[in-house]
Amino acid sequence: MILPGYVIEKRLTPSSTAYVIIPILSIILALAAGAIFLELSGRNCFEIYSRMFSGAFGSRYGLSETVVKAIPLTLTGIGVALAFRMQLWNIGGEGQLYMGAFAATWVALTFPGGSGWWVLPTMVLLGMLAGGLWALIPAIPRAIWGVNEIITTLMLNYVAIFWVDYLVFGPWKDPNGFNFPMTAQFSPGAILPALGNSRIHAGLFFGLALTVIFYLIIYHTRWGYEIRVTGENPNSAHYAGMNSKRNIMLVMFFSGAICGLAGMSEVAGIAGRLQQGLSPGYGFTAIIIAWLSRLNPFAIVIVAFLFAGLQVGGYIVQTSGIPSSMVTMLQGLLLFFVLGGELLTNYTIKRMPANPSGDDMR
Amino acid sequence: MNQEILVAILATAVTAGTPILYAALGEILAERAGVLNLGVEGMMLAGAVSGFIFATKTSSPWTGLLIAMLAGGLLAAIHAFLTVTLKANQVVSGLALTMFGTGLSGYIGKSYVGMPLPVPFHKVSVPVLSDIPFIGPVLFNHDPMVYLSYILVPVLWFFIFRTRSGLHLRAVGENPAAADSMGINVFLTRYIYVIIGGMLAGMGGAYLSLHYVPSWMENITAGRGWIAVALVIFATWNPVNALWGSYFFGGIDALGFRLQTMNVTISPHFLKMLPYLFTVVVLVLVTKRNMLNRIGSPRALGLPYDREER
């Protein structure tokens with residue numbers, strides 16, 4: 001009961017208009033709530049928001065930066081969405097991204113003169129393998145004993161980030177890097193080609209290709225059908241003879257592998273080297289993107305683009321003293337409103353009918 | 001290893017474990033009521049930053065602590081509203097809470113980063129008890145918040161397992177429909193314990209900024225909220241076990257720190273991994289053990305309660 005005199009009733013079929021309206025309304029409400037915090041700290045919210053918007057979408061440079069950020073967000077978004085489809089909470093996208101970046105860097109640094117056609121494909125393969133194996137570590141105990149994967153995947157994020165820290169501060173540090181925590185520059189053969197003279201790189205095609213592959217697998221294969229059934233009702237999947245243990249491990253492996261590919265495309269497409277603080281939390285933002293998109297791959301691309309804009313806008317206003325944590329705060333608020341809005345998708349609020357019998361209507 | 005070093009490590013284990021203990025106690029209450037709150041990390045951060053700001057402004061760590069409880073409780077109330085009233089997904093709502101708390105604390109704490117706290121909680125040795133050899137310096141030479149936790153643990157244990165209200169709490173988490181038909185208000189019960197849980201998480205965060213560090217920096221909790229969530233499973237939802245567990249994790253933290261100062265050749269980056277790796281290993285072992293002993297989570301954990309589906 002929310003208001004006296006009104007009741008919440010479950011809808012028989014989810015409202016389809018709500019599917020479209022709720023995300024839009026959520027964005028508006030989250031921005032409004034964020035505005036309250038901005039105003040409370042003595043800033044003009046309209047000015048900040050308009051600067052963020054024009055910074056992210058208003059110029060050719062801004063737009064290309066937004067696309068650059070949308071690449072890892074799409075990839076990690078697709079990656080975690082695959083696991084979420086099976087009700088596997090992979091919160092470890094961030095760590096899997098770092099491990100993918102690590103393995104790709106290993107290839108680039110081990111064959112420094114490597115300019116053959118095989119260098120980039122090997123980086124892709126090993127990056128995916130490393131991300132996949134990193135996700136398999138929590139997947140195995142989850143499949144066998146039901147060990148909570150939320151906590152284990154999250155803990156392994158810290159381990160992966162410290163591992164990369166160790167490498168860039170220690171054995172892999174660039175001797176000519178003025179003591180910055182980063183590796184040496186990759187040779188040209190280990191760098192993804194860019195689009196024209198922009199910073200947009202071939203990782204964009206990985207993102208778009210995986211979106212289509214995700215769609216085809218989930219909706220048009222037997223395996224995808226098994227994933228969907230297991231996610232919606234583990235018991236019926238069991239009775240139908242589906243091998244849930246095997247599917248848990250496979251799904252987590254591929255989920256991690258896609259996040260690993262995001263890491264590979266970051267080191268090979270943007271910096272051309274491995275460095276500390278490689279990702280500003282793409283693996284976490286991916287969770288919101290996946291949820292906001294209702295795990296629909298095409299929606300993920302669009303939402304990832306919008307979130308990339310939020311991130312770029314956040315960088316722009318940082319110059320006038322707005323902490324970057326404002327973006328994280330807005331993301332959390334957004335998720336609150338989306339969750340609250342789901343009630344409107346599945347329930348309807350009705351006036352309580354008159355109650356002639358006089359029974360206690362609870 | 002001589003005794004002096006051992007005492008120092010164990011005493012540090014207690015202080016390093018205390019923030020995790022507060023947070024785990026709070027999560028035990030929420031989960032006992034059937035609500036999984038993964039926002040512990042966010043509530044701790046909100047507690048840490050607001051506690052620090054108010055302790056600085058009022059020159060009293062106690063007001064800071066009070067405000068930290070308020071902040072944690074307020075954030076928890078959002079989670080309660082979303083998951084209990086609106087029946088939203090508890091996992092996602094908890095993650096949203098962690099994100100919101102992380103962002104909010106970073107935002108409002110920006111101008112306080114690195115500032116030293118003029119009025120932290122100081123050590124107060126307990127008369128007589130602190131003179132006991134070995135045990136005295138390990139357990140009774142701490143700050144007031146540690147002593148408060150010594151009292152809180154048995155009180156909560158007694159409350160959960162030996163009082164009528166505690167029975168109601170457990171009933172709501174195990175079988176809300178039955179509890180409802182007994183006349184217990186399931187929704188109200190869940191609200192109350194989720195909010196108290198948030199207040200305890202806020203206290204855990206405040207312990208970091210008001211004594212352990214004591215200053216404010218972004219992400220001061222560094223995953224301790226998540227370790228607390230794991231600890232609840234380790235503790236089989238029992239406050240007394242949470243005490244041992246948090247000192248165990250505190251000990252690993254302390255050991256890593258100790259080794260860094262003792263010129264060990266292991267890279268500090270590896271030592272920093274220790275608590276997280278241990279959490280994974282312990283969680284796997286404990287889940288296996290709980291499964292063999294048939295100890296499970298409260299049966300209604302994570303499920304929204306809908307009276308119409310009774």
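B:A68 is found in helix α3 (residues 61-85) of chain B, where helices (H or I, at least four residues) and strands (E, at least two) are DSSP runs, numbered from the N terminus. The structure is a predicted model, in which local features need pLDDT of at least 70 and side-chain atom pairs count only at pLDDT 80 or more, while totals for chains, interfaces and linings use all residues. Residues are numbered from 1 along each chain as its sequence is written, and chains are lettered from A and ligands numbered from 1 in the order in which they are written.

With 33 C-beta neighbours inside 10 Å, B:A68 counts as buried. A residue is buried if 20 or more other C-beta atoms lie within 10 Å of its own, exposed if 12 or fewer, and partly exposed in between, with C-beta atoms placed from the backbone. When its neighbours within four places in sequence are left aside, B:A68 is in contact with B:G47, B:S50, B:G51, B:G202, B:M203, B:G205 and B:A206; two residues are in contact if their C-beta atoms, placed from the backbone, lie within 7 Å. B:F159, by comparison, lies 91 residues from B:A68 in sequence and 24 Å away in space, C-alpha to C-alpha.

Two further helices of chain B were examined. Helix α2 (residues 40-58) of chain B has 19 residues, which at 1.5 Å a residue should span 27 Å; the end C-alpha atoms are 26 Å apart, in agreement with this value. The expected span of a helix is 1.5 Å times one less than its number of residues. Of the 19 residues in α2(B), 17 are buried, and the helix is therefore described as mostly covered. Just after α2(B), B:S59 takes a positive phi of about 55 degrees. In α6(B), B:M145, B:V146, B:S149 and B:L156 are buried. The buried residues of α6(B) pack against α1 (3-32), β2 (141-142), α9 (186-212) and α11 (239-261) of chain B.

Chain B as a whole comprises 12 helices and two strands, arranged along the sequence in the pattern α-α-α-α-β-α-β-α-α-α-α-α-α-α. For its 310 residues, a compact globule would have a radius of gyration near 19 Å, and chain B has 19 Å, which agrees. The radius of gyration is taken over C-alpha atoms, and the globule rule is 2.2 Å times the number of residues to the power 0.38. Taken along the principal axes, the C-alpha atoms of chain B fill a box of roughly 60 × 45 × 40 Å. Buried residues make up 53% of the chain B residues. Of the contacts in chain B with a separation of 6 or more, 79% are between residues 24 or more positions apart.

Chain A contains 13 helices and two strands. Its radius of gyration is 23 Å, close to the 21 Å given by the globule rule for 362 residues, so chain A is as compact as a globular protein of that length. The C-alpha trace of chain A spans about 85 × 60 × 35 Å along its principal axes, and 49% of the residues in chain A are buried.

Within chain A, the axes of helix α4 (residues 93-110) and α5 (119-145) come within 7 Å and cross at roughly 145 degrees. Axes are lines fitted to C-alpha atoms, for helices over the stretch in contact, and angles run from 0 to 180 degrees between N-to-C directions. The residues of this contact between α4(A) and α5(A) divide into 15 nonpolar, six polar and no charged. Here Ala, Val, Leu, Ile, Met, Phe, Trp, Tyr, Cys and Pro count as nonpolar, Asp, Glu, Lys and Arg as charged, and the others, Gly among them, as polar. Helix α12 (residues 297-318) and helix α13 (residues 325-346) of chain A pack at an angle of about 145 degrees, with their axes 9 Å apart. In this pair, A:L310, A:Q311 and A:G314 of α12(A) meet A:M326, A:V327 and A:L330 of α13(A).

Between the chains, 38 residues of chain A are in contact with 41 residues of chain B. The largest share of the chain A side, 13 residues, comes from α13(A). The residues of that side divide into 26 nonpolar, nine polar and three charged.
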